[in-house]
Amino acid sequence: MKTLQLFICSVVALALSACGYHLGGLKPTALKDMNTFCVEVFENQTLHPNAGMLMTTAMANALQSDGTYRMAPQNEADFVVRGAVTRIVRESLITDTEDTYISKQIGASVYVKYQIVNRKTGEELLSSEETETASYFNQLGSTESAQEAAISYATRRIAEEIVIDLVTE
């Protein structure tokens, strides 16, 4: 009797473990036959010294984390992600109550253009632009590192939005 119960529990557990779960999203029609990707270094058209590398790293990490596509060397990838960080705009979000010329909180808006290209044919599969704003506080002595963190955060958010475009219909 216990053997039969153990057998039934094992069969049920095995059946439940295969209930339609898969890693990653559903691919859009343009990418249905694509399985591997490569991210080229994003061009930096801004004065921020490493904006292109921040975006490149964020894009590669976001695609790997999603799991729909696998990373591959450029000469073996099905598609290539390329793009440019076109602008970074800073604006005052909150000013000092005593002096309105001093910003207490600053927003850094990052603008990115990207395209997805079939590596074998060179055909453009998708292209678009994304913008994200992250904020940081203007504190004496640590403004530059806070600004860097805000721009890094904005690039990660943009990469997540691009991945959504690449894994949903």
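Contact, in this report, means heavy atoms within 4.5 Å. This is a predicted model, in which local features need pLDDT of at least 70 and side-chain atom pairs count only at pLDDT 80 or more, while totals for chains, interfaces and linings use all residues. Residues are numbered from 1 along each chain as its sequence is written, and side-chain values use heavy atoms, with hydrogens and water left out.

**Tyr69 and the core**

Leaving aside neighbours within four places in sequence, Tyr69 is in contact with Lys27, Pro28, Leu31, Met34, Asn35, Phe37, Leu63, Phe79, Leu166 and Val167. Tyr69 also belongs to the largest nonpolar core, which has 36 residues. Such a core is a set of buried Ala, Val, Leu, Ile, Met, Phe, Trp, Tyr and Cys residues joined through side-chain atoms within 4.5 Å. Buried means under 20% relative accessible area, exposed means over 50%, and partly exposed lies in between (1.4 Å probe, protein chains only). Met55, Met59, Leu63, Tyr69 and Phe79 touch the most other members of the core. At least two core residues come from each of β1 (36-39), α2 (51-66), β4 (79-95), β5 (103-118), β6 (124-137) and α3 (143-167). Helix α3 gives the largest share, 9 residues.

**The chain as a whole**

Helices (H or I, at least four residues) and strands (E, at least two) are DSSP runs, numbered from the N terminus. The chain has 3 helices and 6 strands, in the order α-β-β-α-β-β-β-β-α from the N terminus on. Of its 169 residues, 37% count as buried. Among contacts between residues at least 6 apart in sequence, 69% join residues at least 24 apart. The chain exposes about 10,400 Å², of which carbon and sulfur atoms supply 54%; the areas come from the Shrake-Rupley method with a 1.4 Å probe, and for residues only the protein chains shown count as cover.

**Two helices**

The expected span of a helix is 1.5 Å times one less than its number of residues. The table sets this beside the distance between the end C-alpha atoms.

| Helix | Residues | End-to-end distance | Expected span |
|---|---|---|---|
| α3 | 25 residues | 36 Å | 36 Å |

In α2, the buried residues include Ala51, Leu54, Met55, Met59 and Leu63. The buried residues of α2 pack against β1, β2 (43-44), β3 (70-71), β4, β5 and α3. Just after α2, Gly67 takes a positive phi of about 90°.

In α3, the buried residues include Ile151, Ala154, Thr155, Ile158, Ile162 and Leu166. An α-helix has 3.6 residues a turn, so residues three or four places apart point the same way. The cover over the buried residues of α3 includes α2, β4, β5 and β6.

Glu148 lies in α3. It counts as partly exposed because its relative accessible area is 25%. Leaving aside neighbours within four places in sequence, Glu148 is in contact with His48, Asn50 and Leu54. Glu148 and Ala51 are 97 residues apart in sequence, and their C-alpha atoms are 9.2 Å apart in space.

Lys104 is placed in strand β5. At 42% relative accessibility, Lys104 is partly exposed. Again leaving aside neighbours within four places in sequence, Lys104 is in contact with Ile94, Thr95, Asp96, Tyr136, Phe137 and Asn138. Lys104 and Phe137 are 33 residues apart along the chain, with 5.7 Å between their C-alpha atoms.
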